[in-house]
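Thanks for asking me to look this one over. My comments are below as numbered points, to be read with the model open beside them.

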Amino acid sequence: MGKFLLLYNIFPDTVKSQEVFYEYAIEICRIILYNGRVEYKTREGKNMLHWILMAVGLIASFVLLVKGADFFVDGCVSIAKLLHVPNLIIGLTIVAMGTSAPEAAVSISSALSNPEDAGITVGNLLGSNLLNILVILGISAVLVPVAVDGSLLKKDFPLLLGSAIIVPLLFVTGDMKGTRIGGIILLAFFVIFMVWTVYSACASRKKTIAEQPPEEAEEKTMSVPRSIIYAVGGLAVVILGGQLAVYCAKDIAHGIGISESLIGLTVVALGTSLPELITSVVSARKGNSDLALGNVIGSNLFNILMVMGLSMTISPFSVTTENLIDSLCVLGATVLCFVFSATRKRVGRVEGGIFLLAYAVYLTYIISRDVL
């Protein structure tokens, strides 16, 4: 009976967040390991076992991320083969939207429930797009040079550049506000992107079926149900691993005295982008670099055109100077990525290193901006 009373006292009535699942699990592990013979300590007085569990949880989260991404990529590649469309199309759509789904859910729900925080949400979206190009594509290119498909330069890159240009223009012309008209414009561009992508997929499918050699057509792929299970199940594991990583890393960061704002700029920002990062790295290492590049471009378009467009339409918000600067940084990173891709038709290790160095400069700037 004492154990149940202890368990009841551990769970505060006021805790209502997605992190509560992990907190309950950690405390249950503590009770089981101590067999109910330990006095529960407050957040300020956590014992050594708590930190061990946090460290184990952090390691477990990366295992979940890597293995989940492995299954997710295999499932998506199999779906591409079954549909007779290029991996790039799958990367621009299923992979990009799937890995961006958590951020989309948080941003849209925030716009609905807390309109005053919409500006912060937009800042997070811009930061995520910058991290996608400079860190995710940078690490992928350092590990395995990423080849750039010609159709990407003709179709998707111009739309990505256009979205990067139109955001700061909307901010400035809207008197430093995210307006409903601006949101509707972004959503209209998203519809154009989706129609364009579906048209390209249909055209690629016809061309692939017509030109595919008989022996390649008989190449073994997973069944449709198994492919879907791999893709959906792998994505679910990746998202779970990302959330667990953020929870454990935040708790450890608090424990060593890192400020809440700095945690938000570093741990949370990287944690919410872990699904895109691990999926792109695993794709590159499996030889599907087009899937990795499609994931980055598709995620950025999805974040700006759909998520930001919908957030602006639901709840117009005021734009800060920091938001405008971040949008210009995203534009600069997009232009740099396009120049590298167009001149060499690939993003190699040198370009990847330049991306990572550029993000280090940006990270230094936002940390100093937050501290000073």
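1. A word on handedness to begin with: a crossing is left-handed if the near helix is turned anticlockwise from the far one by less than a right angle, and right-handed if clockwise. By that convention, the crossing of α3 and α11 is right-handed. The residues that make this contact are F62, L65, V66, A69, D70, F72 and V73 on the α3 side, with L274, I278, T279, V282 and S283 on the α11 side. Please keep in mind throughout that this is a predicted model.

2. The geometry of that pair is worth a look. Helix α3 (residues 48–83) packs against helix α11 (residues 274–285) at an angle of about 55°, and the axes are 9 Å apart. That angle makes α3 oblique to α11.

3. Helix α3 has another partner in helix α9 (residues 224–255): their axes come within 6 Å and cross at roughly 155°. Angles over 145 degrees count as roughly antiparallel, and α3 and α9 are therefore roughly antiparallel to each other. Here the crossing is left-handed.

4. Now the overall picture. The protein chain has 14 helices and four strands. Of its 372 residues, 46% count as buried. Among contacts between residues at least 6 apart in sequence, 82% join residues at least 24 apart.

5. On the interior: in soluble globular proteins, nonpolar side chains tend to be buried together. The largest nonpolar core in this model has 72 residues, and I90, L126, F171, L186, I297 and M308 are those with the most contacts inside it. Helix α12 (residues 289–314) supplies the largest share of this core, twelve residues.

6. F171 touches V122, L126, M176, K177, M308, V319, N323, L324 and S327, once residues up to four places away in sequence are set aside. I90 sits in helix α4 (residues 87–113) and counts as buried because its relative accessibility is 3%, where the cut-off is under 20%. Beyond its neighbours within four places in sequence, I90 contacts C76, I79, A80, V85, V95 and L291. The C-alpha atoms of I90 and N295 are 8.4 Å apart, although 205 residues separate the two along the chain.

7. Which backbone oxygen lies 2.8 Å from a polar atom of the side chain of S311? The one belonging to V307. S311 is part of helix α12 and is buried, with a relative accessible area of 4%.

8. Next, a pair of loop residues. P145 lies in the loop between α5 (118–143) and β1 (146–147), and with a relative accessible area of 23% P145 is partly exposed. Neighbours within four places in sequence aside, P145 is in contact with S289, R346, V347, G348 and R349.

9. Finally, K345, in the loop between α13 (321–344) and β4 (346–347). Most residues other than glycine have a negative phi. K345, however, has a positive phi, near 60°. K345 is partly exposed, with a relative accessible area of 45%.

Key: Residues numbered from 1 in each chain as written. Predicted model: local features only at pLDDT ≥ 70, side-chain atom pairs only at ≥ 80, totals over all residues. Heavy atoms only, no water. Core = buried A, V, L, I, M, F, W, Y, C linked by side-chain atoms within 4.5 Å. Buried < 20%, exposed > 50% of the residue type's maximum accessible area, 1.4 Å probe, protein only. Helix = DSSP H or I, 4+ residues; strand = E, 2+ residues; numbered from the N terminus. Contact = heavy atoms within 4.5 Å. Polar contact = N/O pair within 3.5 Å; in protein donor to acceptor, adjacent residues only side chain to side chain. Axes fitted to C-alpha atoms, helices over the stretch in contact; angles between N-to-C directions. Parallel < 35°, antiparallel > 145°, perpendicular 65-115°, else oblique.
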